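Please read the following points with the model open beside you.

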Amino acid sequence: MLAVTELTNFYGETDPQALIAKYGSPLYVYNERILRQRCREMKELVSLDGFRVNYSTKANANLELLKIIRSEGLDADAMSPGEIYVLLKAGFKPEQILFIPNNVSDQELQYAIDQKIKISVDSLSQLERLGRLHPGGEVVVRFNSGVGAGHHEKVVTGGSKTKFGVNPGQIAAVKELVARYRLKLIGINQHIGSLFLEEKPYLDGVKALLAIAVQFEGLSFVDFGGGFGIPYRKQESQARLDLTKLCTQLTGLLSNWRATYNPAVEFKIEPGRYLVAESGVLLGTVYAHKENGGTTYIGTDLGFNVLIRPALYDSHHDLEVYRNGKVVSRTELQPVTVVGNICETGDIMAKERELPLIEEGDLLGVMDAGGYGYVMSSNYNNRLRPAEVLIDQNGDDRLIRRRETFEDLVACCV
Ligand code: LLP
C-alpha cells in the first residue's frame with residue numbers, strides 16, 4: 001500500500017540561523033528522512049515484481065545523496081560520462097546504471113562500453129555509431145512516442161517539437177541497423193518531459209510506448225521515464241500528484257500487458273525531481289532593501305548562479321522568512337521582489353511575492369530546491385558555489401560538500 005507522508009521538522013536538531021552561522025550563506029540543506037521517504041514511495045508505485053526505479057542523477061548528483069538513494073535499493077540513470085563517474089563512486093554497480101545520452105561522441109560511448117554500462121541511443125545515427133564501435137553488443141533505444149508533458153516548453157521532451165527520441169515511424173530502420181551490427185536490443189525507453197501533476201499524460205505515454213514495445217521481440221525491459229511532479233505552491237495548498245491512483249492504474253495496465261505479450265519483461269521508471277526536490281531547501285541572507293518604481297526589492301545572496309530555475313523557467317518556489325532561528329509567520333504580508341547579487345536585471349528569485357515584513361539580516365528559505373538546484377548552479381560573476389549540508393535521520397547536521405574557494409576559481413587555468 002502506497003503511503004505518502006508529509007514530513008515536518010525539516011531542520012531536525014538545528015535551525016536555519018545555526019546552520020548559516022556554522023556553514024555560511026547561501027547554503028543547500030537536505031533532509032535524509034524526506035529523501036528516503038520519497039524513494040520508498042516511488043518503489044511502491046507499481047505493485048509488481050520486476051519493477052525497478054532508476055533515479056535520474058541529473059536532478060541532484062551529490063555523492064552522499066546518491067549513496068542514500070542506492071541504500072534504498074534504487075538503480076540509476078546517467079546522462080553523461082560525468083554522471084556515470086559519480087554513480088560508480090557512490091557505489092552503484094555498472095549493471096545498475098543506464099546511460100541515456102543525447103548526441104555523444106565515440107569517446108563518450110566508449111567510456112560507457114568500457115565500464116560495461118547499458119546504453120540507450122536516441123537517433124538512428126547514434127545507433128549506427130554505437131553499432132560501429134561495439135558490434136554484437138547490447139543496446140537500448142529511446143523512442144519519442146509522441147506524448148509530451150512538462151511545466152515549461154523547455155522541459156517537454158516528447159512530441160514533435162523536441163530533439164529527443166527515435167520516431168516510431170523508423171522502427172524498420174532500427175531493426176535493420178540492429179541486424180546489420182548484430183546488436184542485441186534489450187530494452188526501449190522514453191521520457192515525456194518533466195513535471196506533471198495529473199496522471200493522464202504519463203499513462204498516455206505508457207500506453208504509447210507499450211504499443212511500440214509489441215513490435216519488438218525478446219525485450220528485457222521497457223522504461224517509461226520520469227517527470228513525476230511535486231507541488232511547488234504548498235503555501236497555496238497545491239495538491240500532490242495522486243500516487244495511489246497512478247499506482248492502481250499503472251499496475252493494472254502493466255500486469256495485463258505483461259500477461260498478454262511478454263511475461264519476462266521488466267518495467268522501469270526514471271524519477272529525478274520527485275525524489276530530491278522536497279528533500280532540499282536553499283538558505284540565503286537578506287543584505288539590503290530598496291524602493292524603485294513602486295517595487296520593494298529585497299536584496300539577497302540568492303542569485304541565479306545558485307538557483308537558476310526562477311530566472312530560466314519563471315519557476316515558483318515558496319519562500320520562508322527566518323528570524324532568530326524561527327520561521328516568521330505569514331500574518332502581516334507585503335508584496336516584495338526578491339533579487340540576488342548577480343549583475344543582471346533578470347536575477348530575480350520571486351517577483352511581487354506576498355511575504356512577511358522582512359528586515360536586513362533575516363534569512364530566507366527557498367523551498368523544494370533539492371532538484372535541479374545545485375546541479376544547475378554556476379560560477380557566473382565568479383561567485384562561489386555554496387556548501388551542501390545533510391540533516392541526517394537523527395536530526396544532526398553534517399557537511400556533504402564544502403563551499404568553493406577563490407582557489408577553485410582558477411584551479412583549471414593553465
Ligand atoms: N529521464 C530523462 C531521460 C530525462 O531527460 C529526465 C529529465 C528525467 C528522466 C527526470 O525527470 P524528472 O523526474 O526529474 O522530471 N531543469 C528542469 C528539469 C529538466 C529535466 C530534464 N530531464 C527543471 O529545473 O525543472
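1. The largest cavity is lined by R142, F143, N144, S145, V147, T157, G158, F164, G165, Q190, H191 and I192. Here a cavity is a set of points on a 1 Å grid over the protein atoms alone where a 1.4 Å probe fits but cannot get out, and lining residues have an atom within 4 Å of a point. The lining divides into 4 nonpolar, 7 polar and 1 charged residue, with Gly counted as polar.

2. The model is predicted: local features need pLDDT of at least 70 and side-chain atom pairs pLDDT 80 or more, whereas totals for chains, interfaces and linings use all residues. Residues are numbered from 1 along each chain as its sequence is written, and side-chain values use heavy atoms, without hydrogens and water.

3. The volume of the largest cavity is about 40 Å³. A search of the whole structure finds 1 cavity of 30 Å³ or more. A volume is the space filled by probe spheres set on the grid points.

4. Which residues are closest to the ligand? They are H151, S194, E270, R309 and Y372, and 18 residues surround the ligand (a heavy atom within 4 Å). By class, this shell has 6 nonpolar, 7 polar and 5 charged residues.

5. An oxygen atom of the ligand is 2.4 Å from an N or O atom in the side chain of S194. For the side chain of Y372, the corresponding distance is 2.6 Å.

6. Domain 1 (4-29 + 277-410) and domain 2 (32-274) both give residues to the shell, so the ligand lies between them. The domain bounds come from an automatic or database domain assignment.

Methods: Polar contact = N/O pair within 3.5 Å; in protein donor to acceptor, adjacent residues only side chain to side chain. 1 Å grid on protein atoms, 1.4 Å probe; cavity = no way out; pocket = protein on both sides within 12 Å on 5 of 7 lines; lining within 4 Å.
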